[in-house]
Amino acid sequence: MTATMQALIYKDIGDLRLESRPLPELREPTDALVRVRLSSICTSDLHIRNGAVPRARPGVVLGHEFVGEVVETGREVRRVRPGQRVAVNVETFCGQCFFCRQGFVNNCERGGWELGCRIDGCQTEYVRVPFADNGLDPLPDSVDDMAALLVGDVLASGYFGAELAAIRPGDTVLVLGAGPVGICAMLCARLFGPARIIAVDKLDDRLALAQRMGAADDVILVPDGVDTQAVAGQVRDLTRGRGADAVIECAGSSATFTLAWQAARPNASVALVALYETEQTLPLPRMYGKNLIFKTGGVDAVHSARLIRLIEEGRLDTRPLITHTFPLRDILVAYDVFSRRKDGCIKCAILPDAADASLSTFNPRFTR
Ligand SMILES: [Zn+2]
Ligand SMILES: [Zn+2]
């Protein structure tokens with residue numbers, strides 16, 4: 001172990017830098033120290049960079065989605081031990097407070113979204129993970145790092161969106177946004193037995209990927225500036241004039257926010273899991289009588305063990321979403337590729353520089 005490690009730091013709005021940091025150490029008996037095996041860049045990291053996450057602390061190591069190996073545990077940690085490969089939860093949660101006891105871990109009184117936001121995250125080599133018994137889930141050998149990378153955040157968010165949307169067997173589900181969270185929401189929506197999943201995005205290649213992955217049955221390409229009423233009309237055409245039974249909004253633009261309620265049928269559930277960079281307005285007079293149910297989130301990532309089992313059984317596979325891999329030393333290039341969606345980029349995996357040779361030769365470019 002070297003005394004320092006490379007880490008991507010959120011210095012200030014618009015200013016990210018790769019710097020040398022001392023290795024983290026355990027602070028609480030419930031902490032674990034985890035060596036990063038594979039991490040990612042998430043759209044939420046871009047929101048922090050853009051200044052749209054006021055609770056983010058300047059100086060923090062970015063990154064909140066990763067797979068690692070436990071190297072040290074505090075004396076009260078029971079569920080994981082050194083040497084174990086683990087998926088790491090985006091949420092830090094105590095498991096004992098009022099909110100945790102009801103599964104609302106995003107609002108844990110002693111945590112919430114901390115990693116890579118308020119405490120040091122995973123775009124580095126080692127991470128201190130508080131409440132390790134809650135935040136770490138052991139991985140079976142049959143689930144490799146790439147297969148498990150999205151378990152703790154993006155896949156959890158997709159599952160959360162599908163749950164919020166209260167999908168019933170036979171429903172038509174509309175998912176707005178075919179990025180990583182959107183496609184994960186479609187894959188998870190499928191688990192609830194809908195008759196049909198309709199995907200909406202402004203990028204053709206993302207919709208094509210959603211179809212190739214079996215995530216979407218129908219797709220609607222919506223270029224910027226298209227009238228949302230016209231798109232809602234297309235959804236009604238696909239649903240006997242009624243509109244979608246359940247809507248999951250993962251895109252986070254004003255247009256998709258509007259489309260979410262316009263394309264919903266009366267009495268539908270509308271799940272808003274996108275992180276908006278600007279305020280949105282619900283035009284209640286225009287919606288009166290439509291009797292919609294809105295739910296918003298902040299993922300309560302409490303189903304990691306179940307998601308890992310579904311991956312193991314081959315019922316969830318998010319690997320096709322990881323289109324690019326970069327070594328940690330090139331992470332600023334990776335941010336540029338990811339944020340500009342260059343070269344068809346959906347999701348970037350980041351390999352720590354000291355990773356196994358077997359891993360660093362891995363090229364996950366989507367070839368199916
Ligand atoms: Zn995220
Ligand atoms: Zn709690």
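Colleague: Which residues have the most contacts inside the largest nonpolar core?
Modeller: In this predicted model, they are V175, M186, V247 and I248, and the core itself has 118 residues.

Colleague: Which helix gives the largest share of this core?
Modeller: Helix α6, residues 180–190, supplies 8 residues, the largest share. The core also draws at least three residues from each of domain 1 and domain 2.

Colleague: What does M186 touch, leaving out residues up to four places away in sequence?
Modeller: M186 touches V175, I197, A199, A210, A215 and A216.

Colleague: You mentioned domains. Where are their bounds?
Modeller: Domain 1 covers 4–150 + 318–366, and domain 2 covers 155–296. Their C-alpha centres lie 28 Å apart. The contact between them takes 13 residues from domain 1 and 12 residues from domain 2.

Colleague: Which helix gives the largest share of the side of domain 1 that touches domain 2?
Modeller: That is helix α1, residues 43–49, with 3 residues. By type, this side of domain 1 divides into 6 nonpolar, 6 polar and 1 charged.

Colleague: Let us turn to the strands. In what order do the 6 strands of the open sheet run, and is the pairing parallel or antiparallel?
Modeller: The order is β13-β12-β11-β14-β15-β16, and the pairing is parallel. At the edges are β13 (218–221) and β16 (293–296), each of which pairs on one side only. On average, neighbouring strands are turned by 20° against each other, direction ignored.

Colleague: How many bridges join β12 and β13?
Modeller: Strand β12, residues 196–201, pairs with β13 over 4 bridges, in the parallel sense. As one detail, V200 has I220 in β13 as its bridge partner.

Colleague: Which strands does helix α9 lie across?
Modeller: Helix α9, residues 254–262, lies across β11 (172–176), β14 and β15 (264–272). The helix runs at about 145° to β15.

Colleague: A change of topic: what is the phi of R240?
Modeller: R240 has a positive phi of about 55°, although it is not a glycine. R240 is found in the loop between α8 (228–237) and β14 (244–249).

Colleague: Why does R240 count as exposed?
Modeller: R240 counts as exposed because it has 9 C-beta neighbours inside 10 Å, and the cut-off for exposed is 12 or fewer.

Colleague: And where does R341 lie?
Modeller: R341 lies in the loop between α12 (331–339) and β18 (347–351). R341 also has a positive phi of about 55° without being a glycine. With 14 C-beta neighbours inside 10 Å, R341 counts as partly exposed.

How values were computed
Residues are numbered from 1 along each chain as its sequence is written. Chains are lettered from A and ligands numbered from 1 in the order in which they are written. This is a predicted model: local features need pLDDT of at least 70, side-chain atom pairs count only at pLDDT 80 or more; totals for chains, interfaces and linings use all residues. A nonpolar core is a set of buried Ala, Val, Leu, Ile, Met, Phe, Trp, Tyr and Cys residues joined through C-beta atoms within 7 Å. A residue is buried if 20 or more other C-beta atoms lie within 10 Å of its own, exposed if 12 or fewer, and partly exposed in between; C-beta atoms are placed from the backbone. Helices (H or I, at least four residues) and strands (E, at least two) are DSSP runs, numbered from the N terminus. Domain bounds come from an automatic or database domain assignment. Two residues are in contact if their C-beta atoms, placed from the backbone, lie within 7 Å. Ala, Val, Leu, Ile, Met, Phe, Trp, Tyr, Cys and Pro count as nonpolar, Asp, Glu, Lys and Arg as charged, and the others, Gly among them, as polar. Two strands pair if DSSP finds at least two bridges between them. Axes are lines fitted to C-alpha atoms, for helices over the stretch in contact, and angles run from 0 to 180 degrees between N-to-C directions.
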